[in-house]
Amino acid sequence: MWGYFFLLSIAIFLLTIFAVIFRPFNLGIGTCAIIGAVLSLVCGTVSFGDTLEAFSIVWDASLAFLGIIIFSLVLDEIGFFEHAALRTALACGGDLKKLFFALMVLCGVVSALFANDAAVLILAPIILAQTRALNLPPRSALALLLATGFMSDSASLPFVFSNLTNIISAGFFGISFWGYFSSMWAAFLLSFVASTLISYIILRKDLSAKLDISVLRSEFKVVANKQLFIFTWIFFALLLVGYGLGDAYALPFCVFALGGAVVFMGICARLGAIRARVIFTRTPWQILWFSLGLYIVVWGLKNAQYSELLSSFLLLAKESGELVLVFSSGLASSVLSSLMNNLPAMMLMDISLESVGSNKAIYAAIIGCNVGVKFTHFGSLATLLWLYLLKSKNCEISIKTYLIFSFKITLPVLFITLFGVYLWA
């Protein structure tokens, strides 16, 4: 009987992941996840009580991440990111190598401050448009896209809000906003530097073209309301203060993330800089039921004792010392993320790490789900979204090309970053 339950749980999980990745009948990712959750309930791999417990864990993270995306979409609508990308390109003076490093910095900053999905949603089309406006050779354009696409995930480490996996883990283990940052800032810097330098070493032969940057001035707009541009930075600083206050008073993370986004959107709409209806249309609402539905499906794996097997492996690694535990946790989450997508992998790792009792192992698992996830093209939703966006704009990157690049860069960046969290977390 238990063997049947074991197989049924994994079958529902695999079916759900397959549907999320390939989206049959053009179903949304949230719809696919909810169908999987309903199947889990009907087949008995989870109970109604499990569903309520999953909801109690995921609701804050989902609403907070939704707020971060809305905030980023408002910034995109007022030209904030396009302005930043234009100024970055103009500052490079026609040197493609300088443009490479400048775009890596821009992508790293946006991913860290506005989340990896925002970096993909907003910067990928802008960078593609720049490569076309500059009339770059195909290999040079591909080099910029591959490097910045990798950076979108590898730089999503320093803040709780930088990635949905961070938010879920911080909420699950009760890690405070500033407590998380103080443990992950060094790992973030190592990941950022390693991603940039290793990408350059791999792609340097394709970064020798000369640029005529004068064409960018006519192709790209700047922020129409410069006062609003300055206010954006002030508002973001106030948000960071708000996150700290949330820690002090034990307030849900979404109070400031979603609440701040709504307030900022209201101010911009009041000033006539945006239309709120456009923002609501672009908002990926399916995130709300995607994370809930997927967590319920993963709970079925927990009930089938998959998490206990993973816990046993991690506890065995712990007996060999903290360094072995950190690398075991990071590699386990990397493999799981690459095979099953990073969100369910992070959920399963959180449940498994609960009995291990190591903060460094928790941070290592997050690194695996953010950096090690790049081993495959379906490891993270950000990567799937990145490939889909480029394809929709007639720029198709083959899976073979992506995998060759990702296998060269992912493992060294992952090891360097894990070593950083071992030393400084």
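I started at Ser334, which sits in helix H16 (residues 322-340). Helices here are DSSP runs of H or I with at least four residues, numbered from the N terminus. Ground rules for myself: this is a predicted model, where local features need pLDDT of at least 70, side-chain atom pairs count only at pLDDT 80 or more, and totals for chains, interfaces and linings use all residues. Numbering runs from 1 along each chain as its sequence is written, and side-chain values use heavy atoms, with hydrogens and water left out.

**Ser334**

Buried or exposed, I asked of Ser334? Ser334 counts as buried because its relative accessibility is 0%; the cut-offs are under 20% relative accessible area for buried, over 50% for exposed and partly exposed in between, with a 1.4 Å probe and protein chains only. Next I listed what Ser334 touches, leaving aside its neighbours within four places in sequence: Gly368, Gly372, Phe375 and Leu414. Contact means heavy atoms within 4.5 Å.

**Salt bridges**

I then searched the whole structure for salt bridges and got five. The criterion is a side-chain nitrogen of Lys or Arg within 4 Å of a carboxyl oxygen of Asp or Glu.

Glu322 counts as partly exposed at 38% relative accessibility, while Lys360 is buried at 16%.

Asp76 pairs with Arg282, and their closest N and O atoms are 2.8 Å apart. Asp76 belongs to helix H3 and Arg282 to helix H13 (residues 276-282), so the pair ties together parts that are 206 residues apart in sequence. I noted Asp76 as buried at 18% relative accessibility and Arg282 as partly exposed at 35%. Which residues make up the salt-bridge network with Asp76 and Arg282? Glu77 joins them in that network.

I also looked up Asp206 with Arg139, where the closest N and O atoms are 3.0 Å apart. Asp206 lies in the loop between helix H9 (177-203) and helix H10 (214-219), and Arg139 lies in helix H7 (residues 138-154), so the link ties together parts 67 residues apart in sequence. Asp206 is buried at 15% relative accessibility, whereas Arg139 is exposed at 59%.

**Core**

The largest nonpolar core has 161 residues, and Phe114, Tyr295 and Trp386 have the most contacts inside it. Its largest share, 14 residues, comes from helix H3 (residues 48-77). A nonpolar core is a set of buried Ala, Val, Leu, Ile, Met, Phe, Trp, Tyr and Cys residues joined through side-chain atoms within 4.5 Å.

I followed up Phe114: setting aside its neighbours within four places in sequence, its contacts include Ile68, Phe71, Leu75 and Phe236.

**Helix H6**

Helix H6 (residues 116-133) has 18 residues and reaches 25 Å from first C-alpha to last, close to the expected 26 Å. The expected span is 1.5 Å times one less than the number of residues. I found a bend of about 35° at Leu123, with Pro125 following within four residues. The bend is the angle between axes fitted to the seven residues ending at a residue and the seven starting there. Of the 18 residues of H6, 13 are buried, so the helix is largely enclosed by the rest of the structure.

Conventions. Helices (H or I, at least four residues) and strands (E, at least two) are DSSP runs, numbered from the N terminus.
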